[in-house]
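Welcome! Let's take a friendly walk through a protein model, one region at a time. Have the picture ready and follow along.

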Amino acid sequence: MGETDELRARVRELVRSMPGAQREFAAAIGLDETKLSKALTGTRRFSPHELVRVAEYCGVTVNWLLNGSDDAKTVTAVPSPAAGSASDPEHLTRSEPRRRILETAWQLIAERGYHRVRIADIAKACGTSAATIHYHFPSKTEVLNEALRRNVKLAFDRQVAELHTIDDARERLVRLVELQLPTDGVLRAEWSVWLQVWNEVSLDPALSSLYTDSYDRWLRTIAMTIRTGQEQGVFRDVDPDDATTRLTALIDGLGIQVLTGRPGSSVETMRRHLTDFIAATIVS
């Protein structure tokens, strides 16, 4: 079987494993049932967004969907076991309540702030009890840790889904930056969670290990993209790690300005500054 045949076979396996009929599966990932049927039979392709939604709903990674393994070599750095989430297609039903709780907690943290969200708030939003939340997440710190892991997984899934067909490193780096912009919706929520993680790590060094593992994946992704571009002859002969440090620092600083509403800052100006930096310091 080719890659798309293998992908369809894995998604069909997931559809059979999840509770409910195929129409419920389609509704859960925000896809018309007819479009899902066509994707499963090969008359249309899954879009990157659809792949991310399938992976999120089913508790697997896009890398597993495409390549059959969470740690298969791909276009982006793979999360460490501590930072990322492992696919577990054989235990999807058992993990469903936990997934719903985590998605809800993550959204509340992004919208209200970590310290303004109580376990009782998460329970109310999920329509369950505080005891149920504590069963899956023994402490509020664990909720924040899992929110960070979800950030890492979302970014990893999105990058693999969007970049696995892009061979040109220059185009891939530009797309990587685009995928990191704090646009409205999921990306802005991810940035909000990151900001709160940064604050908590600065106050409690005990949290730094998970954060370091998580952020390291992003650094390795940029560096491996720059090295690929140098091998292709489209990037300058600069130190990849040094260029990565400078580029990610610029992304972080500009992103903070956008989220905090600094006058004159916007996603558009952030994109322009980053594009100019890449053209001036990395592209040949």
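Where is the place of G233? G233 sits in the loop between α12 and α13.

## Before we start

This is a predicted model, in which local features need pLDDT of at least 70 and side-chain atom pairs count only at pLDDT 80 or more, while totals for chains, interfaces and linings use all residues. Residues are numbered from 1 along each chain as its sequence is written, and side-chain values use heavy atoms, with hydrogens and water left out.

Helix names come from DSSP runs (H or I, at least four residues), numbered from the N terminus. Burial follows relative accessible area: buried means under 20%, exposed over 50%, and partly exposed in between, using a 1.4 Å probe and protein chains only.

G233 is exposed, because its relative accessible area is 52%. The C-alpha atom of G233 is 9.6 Å from that of A169, although the two are 64 residues apart along the chain.

Now look at the helices on either side of the loop. Helix α12 (residues 208-232) packs against helix α13 (residues 240-259) at an angle of about 125 degrees, with the axes 9 Å apart. That angle makes α12 oblique to α13. Here, axes are lines fitted to C-alpha atoms, for helices over the stretch in contact, and angles run from 0 to 180 degrees between N-to-C directions. Angles under 35 degrees count as roughly parallel, over 145 as roughly antiparallel, 65 to 115 as roughly perpendicular and the rest as oblique.

Which residues make the contact (heavy atoms within 4.5 Å)? From α12 they include Y215, W218, L219 and I222, and from α13 they include P240, A243, L247 and I251. By class, the contact of α12 with α13 has 10 nonpolar, three polar and three charged residues. In this scheme Ala, Val, Leu, Ile, Met, Phe, Trp, Tyr, Cys and Pro are nonpolar, Asp, Glu, Lys and Arg are charged, and the others, Gly among them, are polar.

## Another partner for α13

Helix α11 (residues 186-203) also meets α13: their axes come within 11 Å and cross at roughly 105 degrees. The two helices are therefore roughly perpendicular to each other.

On the α11 side, the residues are R188, W191, S192, L195 and W198, and they meet I251, D252, G255, I256, V258 and L259 in α13. This contact has seven nonpolar, two polar and two charged residues.

## Two residues in α9

K153 belongs to helix α9 (residues 140-163). Is K153 buried or exposed? K153 is buried, because its relative accessible area is 9%. Its side chain makes a polar contact of 2.5 Å with the side chain of D157. A polar contact is a pair of N or O atoms within 3.5 Å; within protein, one must be able to donate a hydrogen and the other to accept it, and residues adjacent in sequence count only if both atoms are side-chain atoms.

Leaving aside neighbours within four places in sequence, N145 is in contact with L207 and L210.

Helix α4 (residues 48-58) is mostly covered, with eight of its 11 residues buried. Among them are E50, L51 and V52. After α4 comes G59, whose phi is positive, near 75 degrees.

K38, in helix α3 (residues 33-41), is partly exposed because its relative accessibility is 41%.

Notes: Contact means heavy atoms within 4.5 Å.
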